[in-house]
Amino acid sequence: MKGERVLGVSWRMCCTAITRCVSAHWDSFKRWRELIVINLFRKMSHCELEEVTKHIDDKISLVKRLLELRAVAKDPDKRSYLLKIEQDVSAINGLLDRFERYVTQQRDLLTHLQDLDMFFQEDEQNAQHLLENIPQHMPRKGVQPTAQGGQTAAPSKQAEANSAPQEQEQPRKPPRSQIKEMEFITVQEFDSIPQYMKGRVTYDQLNSAVKSINTAVTGKYKILQQPVKSLSNAARKFHQRFKEEETKDTKGQFFVVEEDLRELAQLKVDKRFVGMLNMLRHCQRLKELRGGGLTRYMLL
């Protein structure tokens with residue numbers, strides 16, 4: 001009969017009644033709970049009934065704990081401890097908020113660093129690819145320049161002349177002007193050369209010829225920039241020949257002749273190499289000046 005009256009009461013009123021009677025009538029409340037569970041949830045399945053029962057038990061435990069804390073709060077001695085606990089909890093909440101913000105910033109920074117790491121890995125792969133595929137005409141540190149055929153160039157007469165010991169103390173040398181060098185041919189320029197002119201000459205072979213011409217030009221004008229008295233006999237012969245080959249049209253310009261290419265760069269000036277010179281003239285790297293039975297190849 002008592003359980004039937006409970007069924008007629010609304011859920012809110014039932015909870016209010018439960019809260020008021022928990023501390024004073026715990027045993028009676030347990031009997032009430034059994035009646036409520038039996039009558040209200042008779043039609044529910046076993047799993048649903050267990051979930052509802054657990055939920056009610058949790059609420060009852062919470063109410064009991066609140067009642068205990070309420071009794072403790074009325075004690076003046078224990079109230080100070082509760083206030084101190086409240087301050088500590090507030091401080092901990094503030095620290096947790098700061099920690100969450102810091103974790104968020106570090107997570108964003110980690111994402112940024114991971115992106116940078118990917119970029120650096122791509123750059124490293126590109127650098128490794130460039131290192132493994134250096135064009136043959138590019139200068140390399142510690143490697144002697146090679147002749148057109150790809151073998152290491154033998155020491156030239158000019159080098160032997162410069163390496164000869166000086167018997168007398170060299171006079172003070174005037175400041176040297178910079179020696180001009182021919183720029184290497186780009187891929188676009190090589191593609192612009194007509195096929196009939198290129199023949200079977202490759203891009204690397206043409207730039208190898210550019211490198212050899214620069215070797216000859218550098219060797220020639222290093223001798224010309226030195227005082228005659230400081231040169232050896234072999235170098236003086238070169239110096240004299242260089243001066244005889246100059247004209248008013250070559251004043252202030254850098255040029256070489258076929259003999260310079262043979263002696264200073266160990267090049268074989270054959271029909272194939274002459275074709276390369278025509279390609280370089282097409283790319284506006286040099287021009288020919290004829291006169292006195294010589295063909296002068298002047299750098300532009």
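The accessible surface of the chain in this predicted model comes to about 22000 Å², and 54% of that surface belongs to carbon and sulfur atoms. Areas were computed by the Shrake-Rupley method with a 1.4 Å probe, and for residues only the protein chains shown count as cover. Residues are numbered from 1 along each chain as its sequence is written. The model is predicted, so local features need pLDDT of at least 70, side-chain atom pairs count only at pLDDT 80 or more, and totals for chains, interfaces and linings use all residues, while side-chain values use heavy atoms, without hydrogens or water.

Of the 300 residues in the chain, 25% are buried. Buried means under 20% relative accessible area, exposed means over 50%, and partly exposed lies in between (1.4 Å probe, protein chains only). The secondary structure consists of 12 helices and three strands. Helices (H or I, at least four residues) and strands (E, at least two) are DSSP runs, numbered from the N terminus. Contacts (heavy atoms within 4.5 Å) were also sorted by separation along the chain. Among those between residues at least 6 apart in sequence, 65% join residues at least 24 apart.

The largest nonpolar core has 38 residues. Such a core is a set of buried Ala, Val, Leu, Ile, Met, Phe, Trp, Tyr and Cys residues joined through side-chain atoms within 4.5 Å. Leu-206, Ile-213, Val-217, Leu-261, Phe-273 and Leu-280 have the most contacts inside the largest core. At least two residues of this core come from each of helix H9 (203-224), helix H10 (233-245), strand S1 (255-256), helix H11 (258-265), helix H12 (271-282) and strand S3 (294-299). H9 gives the most, with nine residues. With neighbours within four places in sequence left aside, Ile-213 touches Met-182, Leu-261, Phe-273, Leu-277, Leu-280 and Leu-286.

The three strands form an open sheet in the order S1-S3-S2, with antiparallel pairing. S1 and strand S2 (286-291) are the edge strands; each has a single partner, so one side of each lacks a neighbour in the sheet. Two strands count as paired if DSSP finds at least two bridges between them. S1 and S3 pair in the antiparallel sense over two bridges. Phe-255 stands opposite Met-298 in S3.

The structure holds 11 salt bridges. A salt bridge is a side-chain nitrogen of Lys or Arg within 4 Å of a carboxyl oxygen of Asp or Glu. One of them joins the side chains of Arg-285 and Glu-189 (2.6 Å, N to O). Arg-285 lies in the loop between H12 and S2 and Glu-189 in helix H7 (residues 187-192), so this pair ties together parts that are 96 residues apart in sequence. Arg-285 is buried, at 9% relative accessibility. Glu-189 is partly exposed, at 22%.

Asp-260 also forms a salt bridge, with Arg-241, and the closest N and O atoms are 2.9 Å apart. Asp-260 belongs to helix H11 and Arg-241 to helix H10, so the pair ties together parts that are 19 residues apart in sequence. Asp-260 is buried, with a relative accessible area of 0%. Arg-241 is likewise buried, at 14%. The side chain of Arg-241 also meets that of Glu-263 in a salt bridge (3.7 Å, N to O). This pair links Arg-241 in helix H10 to Glu-263 in helix H11, 22 residues apart. A network of salt bridges links Lys-220, Arg-241, Glu-245, Glu-259, Asp-260 and Glu-263.

Backbone angles came next. Most residues other than glycine have a negative phi. Gln-266 has a positive phi of about 55 degrees although it is not a glycine. Gln-266 sits in the loop between H11 and H12 and is partly exposed, at 29% relative accessibility. Gln-284 also has a positive phi, near 60 degrees. Gln-284 lies in the loop between H12 and S2 and is exposed, with a relative accessible area of 62%.

On the surface, Leu-62, Leu-66 and Leu-69 form a nonpolar patch with about 280 Å² of accessible area together. Patches are made of residues with over 30% relative accessible area and no salt bridge; like charges are joined within 9 Å, and nonpolar side chains (Val, Leu, Ile, Met, Phe, Trp, Tyr) within 5 Å. Leu-62 is found in helix H4 (residues 46-73). Leu-62 is partly exposed, with a relative accessible area of 41%.
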